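The following exercises are to be worked with the sequence and the three-dimensional structure at hand.

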Amino acid sequence: MKPARRTTIIASVLLIACLSGVVFTLGRVDRLRSGASLQEILYISSPKVLKRLSLGYEGLLADVYWTRAVQYFGNKHRGYVENYRLLAPLLEITTYLDPHLMVAYEYGANFLAPRPPLGAGMPERAVQLVESGIRANPDSWKLYNSLGFIYYFEFKDYGKAAEAFNTGSKISGAHPFMKIVAANMAQHAGDFGMARMLWTTTFESTNDKQIKYNAVAHLRALKVEEDVTNLEKLVSLYQETTGHVPAHLSDFVSAGILPGIPVDPTGHPYKVMPDGTIQVRNPDDFPFITKGLPPGYQPLALDFSKMKLETPR
Amino acid sequence: MNPRISYIAANTFREAVRDRVLYNLIAFALLLVGAAILVGQISIDIERLVVINLGLTAVSLFGMLIAIFIGIGLVSKEIEKRTLYTMLSRPVRRWEFIIGKFFGLAGTLVVNTFFMAVGVFAALLYVSHHLQRPDAWLLVALYFIILQFLMITAIALLFSSFSSPLLSAVFAFSLFVIGNFAEDLRGFAAMAKGLTRWLATGAAYVLPNFSALNVISSVAHGEAVSRQLVFYNSVYALFYAALALCGAVLIFERRDLK
Amino acid sequence: MTAIEIFGLEKTFSVGFWRKRPRRALRPLHLSVEEGEIFGFLGPNGAGKTTTLKLLMGLVFPTAGTARILGMEANDPRVKAQIGFLPEQPYFYDYLTARELLEYYAQLSGVAAKDRRKKVEAMLQRVGLTDAGDIQLRKFSKGMLQRVGIAQAILHDPKVVFLDEPMSGLDPMGRREVRDLIEQLKKEGKTVFFSTHILSDAEALCDRVAIIHLGELRSVGVVADLTSSMHGKVELIWQSAVVPASIRALGAECHVTGDTVRAVLAEDKQDAAIDALRRERLRLVSVTPVRATLEDYFLQNLGTENAPSEVMA
């Protein structure tokens with residue numbers, strides 16, 4: 001007189017079958033909906049309305065929006081221009097719902113401001129975003145850093161950049177580089193050293209993985225550009241003295257000019273071309289370089305999944 | 001279909017009606033009429049949007065409340081009140097009882113939704129004076145809402161088979177809320193690491209995915225719903241409801257009645 | 001054939017939320033009931049009567065043991081069509097009317113559609129509820145609910161009827177009716193198994209009884225055999241207003257009414273009592289043997305915890 005065995009067996013088998021069915025179909029449904037959830041969110045694009053609709057749970061809603069944004073702009077989606085147009089309203093909504101969500105402002109500075117395909121190409125909106133962040137978080141030096149960043153790299157307005165870095169450097173806890181950058185802006189704006197300091201500050205002051213990867217990529221690009229510039233100078237000197245372009249960079253080694261064959265941050269040696277220019281072995285490894293590229297090279301979409309996260313010195 | 005299941009389903013429907021559940025339709029109708037008239041002052045396009053968004057959201061919420069508040073008592077109330085004693089001493093198998101109750105409540109919700117749908121279309125007609133082709137997608141949205149009801153009913157029934165009404169209500173309601181953010185939960189899970197990631201992903205897959213069944217805003221903007229989505233959503237909802245019902249059957253099958 | 005066979009049916013409940021304490025509601029029970037019998041299942045409250053019935057109905061699962069009804073396992077749905085059950089203090093769906101409830105139950109018991117209406121009406125008439133047939137059950141009095149309960153138990157013409165405390169809550173008229181009904185059922189060839197703690201009912205109705213106490217079966221047998229196993233009693237009546245101490249010392253139960261004392265004591269003490277009265281010079285009016293009742297049997301045997309007796313018919 002136990003519970004009916006036949007029922008138990010059938011129900012158990014059915015349970016497992018249904019569970020597998022649930023997991024399988026859910027996967028399918030997910031794939032069909034991958035873009036939908038983001039579009040749906042933005043049907044209500046007014047931050048004020050959203051705040052009212054959230055019935056006091058703005059923080060939670062901000063987190064939801066932020067997660068969707070990050071997921072959407074995660075590794076596999078980055079680099080596709082059409083998607084960036086959703087980034088600005090998403091960040092604006094997120095920061096309106098939660099003005100203290102710092103990472104959203106950092107994201108704006110890093111990905112809203114730069115020109116496509118590396119960013120949304122909206123530097124003015126990025127500035128507005130960061131400035132509203134500064135109003136809500138006056139004690140955050142990171143936001144001044146972000147502001148200076150945008151002025152420096154996108155607007156090339158060194159005056160405003162210096163101002164931002166200066167103000168930020170006065171806040172306690174500010175990264176020591178900020179003061180140096182502010183002080184040296186007048187003379188060294190546009191230098192490699194300045195850029196390196198800025199990207200290093202970014203790398204060290206953020207916890208967001210994507211921003212870190214982005215900073216590393218830039219630092220590597222800087223190294224490459226520096227190397228290429230220096231190597232090309234060496235090559236033209238060599239040409240002046242010997243009358244021809246070296247066939248291989250190892251000629252520099254045998255001539256005693258360099259201690260060893262120069263390698264790029266991924267460890268591959270640079271190549272010297274017959275026309276005297278220097279090129280990197282795999283341009284795809286360096287998304288942000290403007291020098292050392294073979295002519296007619298088209299940059300690929302960014303893919304951070306292959307990168308490692310160490311700062312090259 | 002098994003005659004006893006249909007008798008139990010019919011009686012469950014009768015119980016819901018006599019419980020004056022269908023009076024909710026009056027509240028719904030008032031809400032919709034009020035909104036339609038209020039919104040009739042504003043310009044075109046917005047009115048349509050508001051009526052559809054408000055109407056469908058109300059259908060979904062009202063139905064969800066009914067599903068939960070009746071669902072949680074389906075089994076526990078009968079155990080509490082001992083009405084099951086004379087029921088189970090008859091040639092009714094315990095699983096037939098569960099399935100019958102499910103169909104009874106599901107049927108009540110379908111009827112309820114039907115009347116509400118008529119209301120929504122009537123309000124839409126009132127504010128935009130004629131129906132357009134994209135309005136047909138409303139039917140798909142309503143169908144998805146019914147699928148949600150099936151899932152929630154099965155969930156409430158599952159909890160009812162072992163838990164007190166209060167706890168069941170809390171669980172079922174929480175699942176409804178979480179289920180609407182299920183996609184975000186999977187997003188959170190994807191960003192976690194190690195054991196947390198596995199547990200979170202597992203949980204996210206077992207939780208009911210109501211967000212995929214919520215196409216109210218797309219439909220309000222006149223957007224189509226892909227046939228594939230309709231198919232997979234249907235299969236998903238049916239699998240999920242069946243899953244919860246299997247659980248309910250297994251639990252109830254071996255329960256000692258006090 | 002044997003209508004009911006119980007083989008070692010046992011139930012232990014785990015009580016308590018954190019530390020489960022076991023409560024033995026029923027010790028291994030062995031019992032059999034023949035077809036056509038009226039069988040009484042007697043015992044004080046909490047003895048295990050209802051637990052036994054719930055086990056037989058499949059409402060509760062046994063810790064050990066099995067039972068067979070009409071030759072089939074008790075849980076078998078085929079058996080359910082041939083048994084009827086009236087629980088103690090029955091509850092029914094209060095939103096249904098009596099007619100609707102009986103119709104519904106008739107459906108579930110597999111009564112053919114064309115016979116249902118007739119059977120329901122016949123039942124209502126039999127239990128005297130024809131006029132109240134369309135009133136909602138929530139408005140029914142306890143007595144009326146009990147009648148509905150009986151109606152639903154016999155509506156599908158079952159071979160074995162189980163009644164749990166069928167007289168409870170009924171006034172003397174109602175109890176009379178139930179007694180008559182049970183006798184009627186026996187005449188129809190049905191087996192009736194009912195539990196009660198009212199011994200006079202059992203004495204009047206039952207062919208055989210079983211007595212259960214603290215979850216354990218104490219005796220089974222024909223009533224007359226059980227009572228006759230007891231020591232006889234005598235009733236002495238004398239004229240006086242006093243009860244001599246010597247009489248009391250013999251363990252007599254005395255009632256004083258006006259100037260007459262009525263004392264009941266054990267048969268073997270009869271002579272000693274008569275002597276005592278003579279010594280006191282009290283006038284003996286009568287000496288009458290008294291038949292032992294089931295109540296006496298009950299009190300004598302159940303007063304002592306560890307004295308089970310078996311008197312088989």
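**Exercise 1: A covered helix**

Helix 1 (residues 49–57) of chain C is mostly covered, with eight of its nine residues buried. The model is predicted, so local features require pLDDT of at least 70 and side-chain atom pairs pLDDT 80 or more, whereas totals for chains, interfaces and linings use all residues. Residues are numbered from 1 along each chain as its sequence is written, chains are lettered from A and ligands numbered from 1 in the order in which they are written, and side-chain values use heavy atoms, without hydrogens and water.

Task: State which residues of helix 1 of chain C are buried, and which residue follows the helix.

Solution. 
- Step 1. Recall the terms: buried means under 20% relative accessible area, exposed over 50%, and partly exposed in between (1.4 Å probe, protein chains only). Helices (H or I, at least four residues) and strands (E, at least two) are DSSP runs numbered from the N terminus.
- Step 2. The buried residues are C:Lys49, C:Thr51, C:Thr52, C:Leu53, C:Lys54, C:Leu55, C:Leu56 and C:Met57.
- Step 3. After helix 1 of chain C comes C:Gly58, with a positive phi near 80°.

**Exercise 2: The whole chain and one residue**

Task: Describe chain C as a whole, then determine whether C:Gln146 is buried or exposed.

Solution. 
- Step 1. Chain C contains 11 helices and 14 strands, and its C-alpha trace spans about 80 × 50 × 45 Å along the principal axes.
- Step 2. Of its 313 residues, 50% count as buried.
- Step 3. C:Gln146 belongs to helix 5 (residues 142–154) of chain C. Its relative accessible area is 3%, so C:Gln146 is buried.
- Step 4. Contact means heavy atoms within 4.5 Å. Not counting residues up to four places away in sequence, C:Gln146 touches C:Leu86, C:Pro90, C:Glu165, C:Pro166, C:Met167, C:Ser168 and C:Leu170.

**Exercise 3: An aromatic pair**

Task: Classify the pair formed by A:Tyr107 and A:Phe111.

Solution. 
- Step 1. A pair of aromatic rings is described by the distance of the centres and the angle of the planes. Rings of Phe, Tyr and Trp (its six-membered ring) pair if their centres lie within 6.5 Å; planes under 30 degrees apart are stacked, over 60 edge-to-face, and the rest tilted.
- Step 2. The whole structure holds 26 aromatic pairs over all chains. In the pair of A:Tyr107 and A:Phe111, the centres are 4.8 Å apart with 70° between the planes, and the pair is edge-to-face.
- Step 3. A:Tyr107 and A:Phe111 both lie in helix 7 (residues 102–112) of chain A, four residues apart, about one turn of the helix.
- Step 4. A:Tyr107 is buried at 1% relative accessible area, and A:Phe111 counts as buried at 2% relative accessibility.
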